[in-house]
Amino acid sequence: MKNFLYRIFLFCIPVIIITIGLEIYVRNIPSQYKQKRDQLVANADSIEILILGSSHAGDDIDPNQFSLYAHNLAFASQSIYFDRKLAEKYLPVLRRLKYVLLTLDFNSLYYDHEENRDFFYKYYYDISYKKRQFYKESLLQSFFVYTPEQTLSMIFNNQNEVLVKGWRNKAGRNDEAVQSMEKSELRANGFNATVNSWKGGDSVLDDLEALINLLQSKNITPILITYPNYSTIRSFMDASVIERTQNIGNSLSQKYHIPYLDYFADDSFTVADFFNCDHLNAEGAAKLSKKINAVIMDRESASQTNK
């Protein structure tokens, strides 16, 4: 029996060593969550524009195109719930902040988190989704946050991108992916499913208004943005939801006297500007960012004139 247990122990030693090695690796990956956080903290005294929102904001807004110092703190599937929590956490250190760009997209008001991303907000930002706990994930990220396949892929591919002002340059274009009716329908069906499965009523809209009020109480101007979608995907998206989103954007703009920039069906963005049917590439991001910068600089000029 002792000999059997000894053999099991010997067998476990390399497994334990490999597991510890994998765990050390994944905990030190320069992920987007870590880079965006560290760059924000390092440049907190310079940041005048903060970009929040989902991957549309994350990919479509290039902070390097702004006249004022901008930082991109948007993430894939980031909800307004987490926009609000991130703002609450970092406003005290962003002493020069003047503008916050907020996402109001097709499904923005119909989800408040994405379960498989909640851990990253807790681990990197100490922000919980409604007190959700992550006991096993905190113990062993290499198995409970990532699958073993994902962990090994990260090790051998080692394709971590270096961000600048929280932004990654999504270069290139794929016209087939942008114009494909089949791919656009699949993508739109995912957005429609998110909308149709939502049971939370107006709770996300309440979060958005609370965030707007918080920013205005600090003399910071919120700017609502609906991002460009190529014509192929627009044809498959629920028209009533599109209309409601636009109506809410216009209503909030009037209520709080803030800009609402609706680029959803802006045909000045051509196939050459898109990475896929609902995300811009680097050239498209530069075009959109310059449009938004022009709006901001007009406000800056008006503000200076009124002084």
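A residue is called buried when its relative accessible area is under 20%, exposed when that area is over 50%, and partly exposed in between, with a 1.4 Å probe and protein chains only. The model is predicted: local features need pLDDT of at least 70, side-chain atom pairs count only at pLDDT 80 or more, and totals for chains, interfaces and linings use all residues. Residues are numbered from 1 along each chain as its sequence is written, and side-chain values use heavy atoms, with hydrogens and water left out.

**First selection: S231**

Select S231, which is found in helix α12 (residues 231-234). Helices (H or I, at least four residues) and strands (E, at least two) are DSSP runs, numbered from the N terminus. S231 counts as partly exposed because its relative accessibility is 38%.

Next, display the strands. An open, parallel sheet is formed by five strands in the order β2-β1-β3-β4-β5. Two strands pair if DSSP finds at least two bridges between them. At the edges are β2 (70-72) and β5 (260-262), each of which pairs on one side only. From one strand to the next, the twist averages 20°, where axes are lines fitted to C-alpha atoms and angles run from 0 to 180 degrees between N-to-C directions.

Now select β4 (residues 221-226), which runs parallel to β5 and is joined to it by three bridges. Within this pairing, I225 stands opposite L261 and T226 stands opposite D262. Strand β3 (residues 99-103) also pairs with β4 in the parallel sense, over five bridges; there, L101 stands opposite I223.

How many residues of β4 are buried? Six of the six are, so β4 is largely enclosed by the rest of the structure. T221, I223 and I225 point one way from the strand, while P222, L224 and T226 point the other way. In a regular strand the side chains alternate between the two faces of the sheet.

**Helix α13**

Move to helix α13 (residues 239-256), which has 18 residues. From its first C-alpha to its last it reaches 26 Å, close to the 26 Å expected at 1.5 Å a residue; the expected span is 1.5 Å times one less than the number of residues. Colour its buried residues: V241, I242, T245, I248, G249, L252, S253 and Y256. They lie on the same side of α13, because they cover an arc of only 135° around the axis, taken from the directions from the helix axis to the C-beta atoms. On the other side of α13, select A239, Q254 and K255, which are exposed.

**Aromatic rings**

Finally, show the aromatic side chains. The whole structure holds 18 aromatic pairs. Rings of Phe, Tyr and Trp (its six-membered ring) pair if their centres lie within 6.5 Å; planes under 30 degrees apart count as stacked, over 60 as edge-to-face and the rest as tilted. Select Y33 and Y124: their ring centres are 6.1 Å apart and their planes at 10°, so the pair is stacked. Y33 lies in helix α2 (residues 32-42) and Y124 in helix α5 (residues 118-125), so the pair ties together parts that are 91 residues apart in sequence. Both Y33 and Y124 are buried.
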